[in-house]
Amino acid sequence: MTNGPVKTLVASRPSGRLKGEQALVPITKNMRALSSHAVVIALGFGALGVAALKLLGGADWTPLALFAAALIVTELVEDADRLRTREPSNFRTFRVASALHVAAAIVLGPWFAALLAGGAALAVRRLRDRSLGAVSFEAATLTLATLGGGYAFLAVGGHTGSIELLRDLGPVAALALVYLTVRTMLLQVVAAREAFQPDLAAGIGEAALGTAVALFATDRPWNLIALVPVALVVHLGYTRLARVRRETLQALETFANIVDERDSSTYQHSIRVARSVDRLARALGLPFSDIDRLRWAARLHDLGKVAVDASLLRKEGRLDGAEWAAMRRHPRLSARLMQSFEFAAGLARAVEFHHERFDGQGYYGIDGSVLPLASHFLIVADSFDAMTHDRPFRPALSREDALAELERNSGTQFHPTVAKAFVAVERDQDPITVLTNEEVAQLRDAAVPYRVPVIPTHQLRDRPELIAIAGVTLALVAAAFDQLELVFAGVAVGLVGLLLYVRRRTRVARFTQALLDAVGNAQSREGAFDQLTTVFERSCGATWSGLIDWEEDGLGGTVSRERGTDGPHLSVLTSWLVRQAESGEMLLSAGGFELQHDGVVVALPLRRENSALVGFLVLAIQTRLPAHAELALGEVADELALALANRPAAPVARRDPVLAAG
């Protein structure tokens with residue numbers, strides 16, 4: 001069902017209806033999706049029909065046959081996008097078949113290339129026992145994408161059957177852009193209900209390989225045979241990578257099952273929570289990738305309980321302070337474990353906060369307004385499952401009593417919109433009819449996979465050596481084509497890059513010496529911190545600096561010394577450090593979205609001689625740390641660690657609330 005006025009259409013007369021009476025059936029979202037699929041399939045097959053008619057009018061059969069053979073073989077060996085894996089990540093592959101589509105559009109022209117792209121996909125993928133509808137849609141998509149890309153190539157100045165580097169860079173770029181845009185729009189937005197997120201890196205690679213194939217095949221079509229081993233190697237590489245990812249995820253799932261089975265009261269708990277979250281996300285019409293991420297976050301949310309003594313899980317009475325402190329650590333340990341896996345790291349923050357409350361009175365005292373919405377999904381589903389199953393310290397509630405409890409605590413313990421939608425789903429109601437348009441939009445916009453914002457530490461202006469290398473490369477390539485103007489331009493760019501590199505190294509040397517002087521002139525750990533803080537305030541505009549002593553278990557820390565008043569919230573900062581502590585990065589950085597703090601926060605891990613992590617030097621600055629400061633910190637990290645890593649004998653000034661509870 002949909003919000004607002006309901007459109008209707010005339011349906012056939014069901015049994016028992018008076019003759020001549022028309023049945024009114026609401027047009028649903030699924031009907032509109034089927035209609036979109038039908039339009040794409042009709043357009044694609046119409047294009048295939050036109051291309052087949054053109055083929056009957058005559059063609060150069062040698063390159064046509066060789067491209068057809070290469071596409072069939074490539075489709076057979078590639079793992080393509082034929083199965084939607086339920087992994088919590090965007091794992092897109094480089095496809096040799098797409099490169100062949102680009103090459104065919106250049107060599108054969110748009111119509112014949114579209115015929116081969118759609119025909120090969122339709123024939124080969126149907127042999128994999130897939131549904132005719134899905135295969136038809138994918139074949140139609142590839143037909144339209146190749147056709148559009150081929151005409152873009154011609155429109156920008158390209159010529160069928162001819163290609164020259166430099167001269168045809170524009171037409172090739174137009175071909176690749178249109179092909180990638182159409183393919184992504186139809187496969188991701190129309191078919192999978194995803195956001196429009198084209199994989200530019202893979203697209204550029206496919207276009208580059210396609211251009212290379214076209215260069216070889218323009219005059220000698222038999223060179224296409226050399227592509228078969230390349231397709232096999234690429235396919236085997238991606239197959240092995242996918243297998244490793246799948247086996248790792250299965251191992252984590254087995255780990256989650258073992259955690260659930262440690263106590264009879266939590267047997268299959270994570271499975272039930274995952275099922276509830278999956279059902280809620282589907283009812284709200286979220287994209288498939290978001291549903292998968294939410295489902296896996298629920299499936300793995302209690303991994304950290306492996307470090308909780310089983311006797312605490314089975315204790316019938318109330319937990320004392322130390323026992324509560326041990327129990328409260330498990331969400332952070334879950335996040336720390338998940339952060340170690342690239343495909344699960346995006347879920348770590350949502351999992352870490354699954355015991356928070358909307359009013360900010362949860363385990364770590366973080367206000368509900370700053371939690372990722374995925375956490376609110378987990379909070380509601382986890383609480384509902386806990387209430388409806390026996391625990392050692394209390395009997396289970398009935399489903400209706402548990403739902404009433406969710407409604408009663410909506411807005412205090414639970415996110416009001418998420419709780420309302422969850423209750424509706426559990427009562428077999430459509431949540432779209434219960435929520436307002438604004439509430440539905442809020443959930444659909446915010447319930448996206450959590451992505452850590454990238455702080456650009458390698459921008460082009462901070463990597464002058466890349467500018468120098470690019471200039472030299474341009475000059476060499478231009479010399480090979482007798483383009484003297486480009487040779488001089490490349491030399492000029494190379495010289496500019498070299499000068500910028502020398503300037504940056506000079507600044508790095510000066511800043512490095514300033515840091516070493518600050519540490520060398522200090523008589524104590526506190527003095528070294530104060531001296532370094534002065535340097536960072538003067539050179540980088542630091543508004544807050546903190547020295548964090550890290551706990552041996554890696555699940556929390558204390559602020560032993562700080563300067564400034566504009567620091568991040570301690571609980572949020574500690575949570576971020578827990579997730580990133582074992583990342584192996586020399587310098588950690590995060591933006592305001594990550595830490596709910598204006599500006600950028602930078603943390604330098606402090607390690608002893610035995611590589612044991614014992615603390616962090618944390619800085620809050622208005623903008624990203626300058627490149628020369630990053631390089632200088634990397635060069636003197638060991639010296640700073642020796643000066644700052646010793647634990648103070650006096651009591652700490654401020655403690656993480658979770659540690660204080662123990």
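Residues are called buried under 20% relative accessible area, exposed over 50% and partly exposed in between, with a 1.4 Å probe and protein chains only. The structure described here is a predicted model, in which local features need pLDDT of at least 70 and side-chain atom pairs count only at pLDDT 80 or more, while totals for chains, interfaces and linings use all residues. Residues are numbered from 1 along each chain as its sequence is written, and side-chain values use heavy atoms, with hydrogens and water left out.

Gln 268 has a positive phi of about 60° although it is not a glycine. Most residues other than glycine have a negative phi. Gln 268 sits in the loop between helix H8 (227-260) and helix H9; helices (H or I, at least four residues) and strands (E, at least two) are DSSP runs, numbered from the N terminus. With a relative accessible area of 35%, Gln 268 is partly exposed. Asp 428, likewise not a glycine, has a positive phi of about 60°. Its place is the loop between helix H18 (416-426) and helix H19 (431-434), and because its relative accessible area is 75%, Asp 428 counts as exposed.

Two further loop residues are buried. Leu 435 is found in the loop between H19 and helix H20 (437-446), and its relative accessibility of 4% makes it buried. In space, Leu 435 is 9.7 Å from Val 418, C-alpha to C-alpha, and the two are 17 residues apart in sequence. Ala 645 belongs to the loop between helix H27 (637-644) and strand S8 (654-655), and is buried at 4% relative accessibility. Between Ala 645 and Leu 606 there are 6.0 Å in space, C-alpha to C-alpha, and 39 residues in sequence.

Attention now turns to a pair of helices. Helix H9 (residues 269-283) packs with helix H16 (residues 373-387) at an angle of about 130°, their axes being 9 Å apart; the axes are lines fitted to C-alpha atoms, for helices over the stretch in contact, and angles run from 0 to 180 degrees between N-to-C directions. H9 is therefore oblique to H16, given that angles under 35 degrees count as roughly parallel, over 145 as roughly antiparallel, 65 to 115 as roughly perpendicular and the rest as oblique. The crossing of H9 past H16 is right-handed, a crossing being right-handed if the near helix is turned clockwise from the far one by less than a right angle, and left-handed if anticlockwise.

The H9 and H16 helices are also joined by a charged pair. Arg 272 and Asp 385 meet through their side chains in a salt bridge (2.6 Å, N to O), the term meaning a side-chain nitrogen of Lys or Arg within 4 Å of a carboxyl oxygen of Asp or Glu. Arg 272 lies in helix H9 and Asp 385 in helix H16, so this pair ties together parts that are 113 residues apart in sequence. Arg 272 is buried at 16% relative accessibility, and Asp 385 is buried at 5%.

By the same rule, the count for the model comes to 26 salt bridges. Side chains of opposite charge can pair when their charged atoms come close. One of these pairs is Glu 75 with Arg 125, whose closest N and O atoms are 3.2 Å apart. Since Glu 75 lies in helix H2 (residues 61-77) and Arg 125 in helix H4 (residues 110-126), the pair ties together parts that are 50 residues apart in sequence. Glu 75 is buried at 1% relative accessibility, and Arg 125 is buried with a relative accessible area of 4%.

Asp 290 and Arg 293 form another salt bridge between side chains (4.0 Å, N to O). They are three residues apart in helix H10 (residues 288-299), and so are separated by about one helical turn. Asp 290 is buried at 5% relative accessibility, as is Arg 293 with a relative accessible area of 8%.
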